[in-house]
Amino acid sequence: MEKAKDGEGSWGSPDARPSFYQIMWFANLKELQIPTKFFDEHLATEETETVALRSPCGSWDTKLEHREGCVYLIQGWPHFVESHDLGRAEWAHFLYNGRMSFDVKIYGSNGWLKKYDQPAASAPPFASSFPFFRREIKGYNVGHKCTLVIPNYFSRRHMSLSKEPMVLMDTDGVSWPVTIVVTSGNHLAMSGGWKALADAHSIKKGDVCIFELVEKRVMQFHILR
């Protein structure tokens, strides 16, 4: 990962674009307030309320909402958060391209730039009325003693920090019980039962899996290939 360096662009060159930083905490993982001074200087005269956020993962359209003298990113922002596994104490750098478009860099709580795999061009979009998260399968998610970590932003918002088992349901309606472990970093991870599911569905490195929380401790999963 790349260490944060003030004043440098995506390729190490000086970046003179207007920008602002926001540290992530519980409230702005749901909605993000744009600094008033930044909005007044750069966005107030724009005619559209749609803001495009770009990252190595793609582009997301979000909507502005004006409330009690402040301006927030509301619609579309939670999807951006989920797609980037944004968590508390991480921070985002918004670099303004003009015309309501930002490039966004995301840094972990350790100050290192987070790297993201670009989504496969063939992976279809996914939408659901249930909370869900997306995982691109890595080598350590399949094979002997494999596990799959549930993103912190998702588990903290929708689940309890508990070893209570879960059930994963495939698209045929078959239930797969999985055990949950709590890691030393207080992450929830699917352990026992996950390998059997992955083997039975021929899940391999590079596949994209979607996990929808349809009931308490019950997830519907989908494989996008």
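Of the 52 residues in the largest nonpolar core, the ones touching the most other members are Trp77, Phe102, Leu168, Met190, Trp194, Phe211 and Met219. A nonpolar core here is a set of buried Ala, Val, Leu, Ile, Met, Phe, Trp, Tyr and Cys residues joined through side-chain atoms within 4.5 Å, and buried means under 20% relative accessible area, with exposed over 50% and partly exposed in between (1.4 Å probe, protein chains only). A second, separate core of five residues includes Phe132, Val208, Ile210 and Leu224. In soluble globular proteins, nonpolar side chains tend to be buried together.

Before going on, please note that this is a predicted model, in which local features need pLDDT of at least 70 and side-chain atom pairs count only at pLDDT 80 or more, while totals for chains, interfaces and linings use all residues. Residues are numbered from 1 along each chain as its sequence is written, and side-chain values use heavy atoms, leaving out hydrogens and water.

Let us look at Trp194. Not counting residues up to four places away in sequence, Trp194 touches Ile137, Asn141, Cys146, Thr147, Leu148, Leu168, Val178, Ile203 and Phe211, where contact means heavy atoms within 4.5 Å.

Now for the strands. The chain has four helices and 17 strands; these are DSSP runs numbered from the N terminus, helices being H or I with at least four residues and strands E with at least two. Five strands form an open sheet in the order E10-E16-E17-E12-E13, with mixed pairing; two strands pair if DSSP finds at least two bridges between them. At the edges are strand E10 (132–136) and strand E13 (175–178), each pairing on one side only. Strand E12 (residues 166–169) runs antiparallel to E13, and four bridges join them. Val167 has Pro177 in E13 as its bridge partner.

Next, find His84 in the loop between helix H2 (77–83) and strand E7 (91–98). Is His84 buried or exposed? His84 counts as buried because its relative accessibility is 0%. The side chains of His84 and Ser55 are joined by a polar contact of 2.6 Å (a pair of N or O atoms within 3.5 Å; within protein, one must be able to donate a hydrogen and the other to accept it, and residues adjacent in sequence count only if both atoms are side-chain atoms). Leaving aside neighbours within four places in sequence, His84 is in contact with Ser55, Cys57, Trp60, Ile106, Lys114 and Tyr116.

Finally, step back to the whole chain: buried residues make up 42% of its 225 residues.
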